[in-house]
Structures are given as structure tokens and as C-alpha cells.
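Hello,

Here is the structure you were going to look through. My notes follow below it.

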Amino acid sequence: MFVQSLPLEVIQKISAGEVIESPVDCVKELVENSLDAKSSRVDVEIIKGGKRYISVRDNGTGIHRDDMEKVIQRWSTSKIKDVSDLLSITSFGFRGEALYAVAMVSRLVIRSRFFQDQLGIKMRVEDGKVLEKQEIGMQIGTCVEVYDLFYNLPVRLRFLKKEDTERNRIIKLMKEYALSKWDVHFTLTSNGRKVFDLYPCQDVKERVELLFGQKFEERKNSKDGVSVSLYTSLENTRGEIYLFVNSRPVQNRNLLEYIRKTVGYKKVCVCYIDLPTYMVDVNVHPKKREVRIYKERLVKELIRELFKKTPSYFNFVLAQEKASYTSNVEIIGIIDKTLILAKIGDYLYFFDQHLLSERLLYEASGDLMASCKGALKAGDDMSKDAALELVRAWLNFENKEVCPHGRPIYYRLYIGDIYKNLDRRK
Ligand code: ADP
Ligand code: MG
């Protein structure tokens, strides 16, 4: 009398909304597909925190033209064939429901050119249905564009967070993939502005330093088939920990807390754990990133040993870093009466003159209001000597990155990158 089966369309939307709950889930699935397709470059673009638009473009193997319509069908995957494959998963995806779910809850455009084909296929999908399919000229690889996520699922739309929050989640996610696949070129653009452009690196350390813009210490340890590589920032900042198990970004609260205690609360720490796949339980739920490790005790032991005794050469490295950092500051100029451009060590720094001066006053007085009012404004004249003094003072601050309100004080470029981009070896 009262009970009736739900229409298929409603069931499909509900389950799609479980796989893709927010823009970050969508970006995650698309980026993982690109990485599974062996791409060496992945470009991600978002507008309005991904709520309005998401695009993920790669130069991977592409999708075969005969598969184009299959990829948006539920449980269609090229990655596993039978149950036994589940025991040795090396790809990110395998459930074959991500593209299906995205297709159900957005307006989707997929362009793909299979590596053995001369032309690509463009396919437009709405509400899970193919509206248009045509041949197009394009580079080998795939580009998936997602417009108006949840336009047809108002409940989900209402529960999306503010643009800033959604964007920050995506930035965090992209950082994780950049750290996991350090040899892949990643770019992230948000509302038309580059958030980062990370060229392919030679090793993990190079990527870690490139991403966080500072030097890191490397520590390694291994035993019984389990190995740990751990990178900690030399400078103290707001502590952050990134954990990877067999290259997969994961959460494991217990282990994260252990690392935080061991490493200290003010360090950025990137920890890679590698162990045979049979020792890890990657939960088969689509989004659970919580993993269980069967040799967790051993992993902790390996980490603890790394910090038991700091080899003396670490201290030596530290001392050297500091010295070279503080010694040579060169003020190159002041741009638009707003930005101080300085060369410090191997970096070009762009300081916001107001924020820098405000931070200096705050450091001296501890009074936020007064220092904000008293500080130099953008547009105020300043001599190079005054700028030099400001920057020199800044070098001695504890937490150099932010102004008293938490805004970044500077933006910096590694000069080596500039040479690299100009194809000049230095
Ligand atoms: P899964 O990743 O679990 O296999 P998806 O729904 O995410 O499922 O993708 C379905 C299939 O579409 C994949 O198995 C793959 O064959 C193909 N595919 C999706 N994205 C790409 C891409 N960027 N490059 C190449 N093939 C892709
Ligand atoms: Mg996938």
C-alpha cells in the first residue's frame, strides 16, 4: 500500500552521490584515471572550487574509440578481470564506477585519443546519457571536463561547502598526488590562476622541496621487506604530515599521530612506507583512505630508529643551510610600490611590503591593531636600503611564512627553475 520501489533514476542518482560527494572526489577519481593511464603530465583546472567546472587533461594512453561509451557504464573497467586480481591491485582505480557516477550527476565532456589512433573522439554526456559523439583532432591522451556538478541532484548541491573550502581540499589532494608521483608534471589552475606548476623531478626529495619551497632532510630505514623514507622540513612552520603507503596517499590516524610525536609538531613531514602488498589492507570501499598495515609495529620501530640519534652530519647540514640563507640578501628592486623583489640564496623572493612591515611591527610590539595601522602601505615609497633592512629583520623571524593575520608574506621562485625553463644548465 505505502511501500513502492524507487524509480531506477532515483536509485542511480543516490548511488552516484555516494561515490562522488563533492568536487574533490571528482578530481581525485579523474586524476587517478590519468595516472593509471601512465600519463607523464596531468593538468587540472577548476572554477569556483570545482563546483562550476573541473577539467583534468592528461597525455596518457587514451581511451580506445570502441570503449568511449563503455567507460561511463557502471562497473566497466579495464583494470581488473576477476576476483583474484583484487589481491594484487597496483592501479588506483578498479571498481569501474567513477566515470559512471560523475556522468550521472554532471554535464560531462570526454575527449580522448587512443595512442594508436590518428584522431580523437569527443563525447558529450548529460544525466548519464550520450548526447553527442564526434571525431576530433587532438593530442594523444584524455581530457575530461565536468560542468555543474550536482546540477541534477539538489540535495548534494546544497551540502557543498563554500568555494574556498572546496578549493582548499582540491589543492591538498593535488599536493598528495604530486608527492606520490614525483616524476609526473602536474599543474593546477584555479579561477584562471596557476596554483602550481610542478615539473617532473629526478627524485622524491626534489619534488618535496619544490612543492614546499624549502629544504628538507632525508632519512631512510628498512628491515624485513618494509622500508621507510621520511622527509622533514628544515624550517619550522605549521606542521603538516603526508603519509603514503606503496605510493598511495593514505590516512592512518595511529601512525600519523606517532609520526607527529616523533618528528615534532612544527615540521612539514612527508613519509613514504613501502611494503609487500599482502601486508596492506586497502579497504575496498571507494573512498576509504584508511589503510591497515599488518606490520605497524615494525613500521613504528623503523621510524623511531630514524630519530633516536641524529647523526652529526645532519647538524652540519643544518648549520650550513642557515649560514648561506642569511648571508646574501640582494634587493633587486621594488615593483609597483608594492612588491619588494629580493634575491636570497638560490631564490627570488617577492615580498608584500605592507605585510612584511606589519609583521616586523607586530614582532616588536605584539599588538596586531597597532602594527596593522602603523605599517607601510602598498603604494608608499620605500628606498632599497629600507627594504634591505626589512628583509634582513624578517630572516630572523621564527615563523617566516605568514603575516599576523595568516596571509602569506612572500612568493618565491627557485632560480634553478628559471634556468631550467630557459633550457640553460647552471
Ligand atoms: P576504474 O578507474 O575503476 O576502472 P572509471 O570509471 O574511473 O573506473 O574508469 C573506467 C575506465 O575508463 C577505466 O578502466 C579506463 O579504461 C578508462 N579511462 C578512464 N579515464 C581514463 C584516462 N584518463 N585515460 C585512459 N583511460 C581512461
Ligand atoms: Mg577510476
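Two strands count as paired if DSSP finds at least two bridges between them. Strand β7 (residues 185-190) and β8 pair in the antiparallel sense, over 5 bridges. Within this pair, Thr189 stands opposite Lys194 in β8. Please keep in mind that this is a predicted model.

The sheet

β7 and β8 belong to an open sheet of 8 strands. The strand order is β5-β4-β3-β6-β2-β1-β7-β8, and the pairing is mixed. At the edges are β5 (129-136) and β8 (193-198), each of which pairs on one side only. From one strand to the next, the twist averages 10 degrees.

The helices on the sheet

Helix α2 packs on the sheet and touches β1 (41-47), β2 (53-58) and β6 (141-147). The direction of α2 makes about 10 degrees with that of β2. Helix α5 (residues 163-180) lies across β1, β7 and β8. Relative to β7, α5 runs at about 175 degrees.

The ligand

Which residues come nearest to ligand 1? Of the 23 residues around ligand 1, they are Asn33, Ala37, Thr77, Gly93 and Ala98. The elements that give two or more residues to this shell are α2 (23-36) and α3 (98-104). By class, the shell has 7 nonpolar, 11 polar and 5 charged residues.

Regards

Definitions and conventions. Residues numbered from 1 in each chain as written. Chains lettered and ligands numbered in written order. Predicted model: local features only at pLDDT ≥ 70, side-chain atom pairs only at ≥ 80, totals over all residues. Near = placed C-beta within 6 Å. Helix = DSSP H or I, 4+ residues; strand = E, 2+ residues; numbered from the N terminus. Nonpolar A, V, L, I, M, F, W, Y, C, P; charged D, E, K, R; others polar. Axes fitted to C-alpha atoms, helices over the stretch in contact; angles between N-to-C directions. Contact = placed C-beta atoms within 7 Å.
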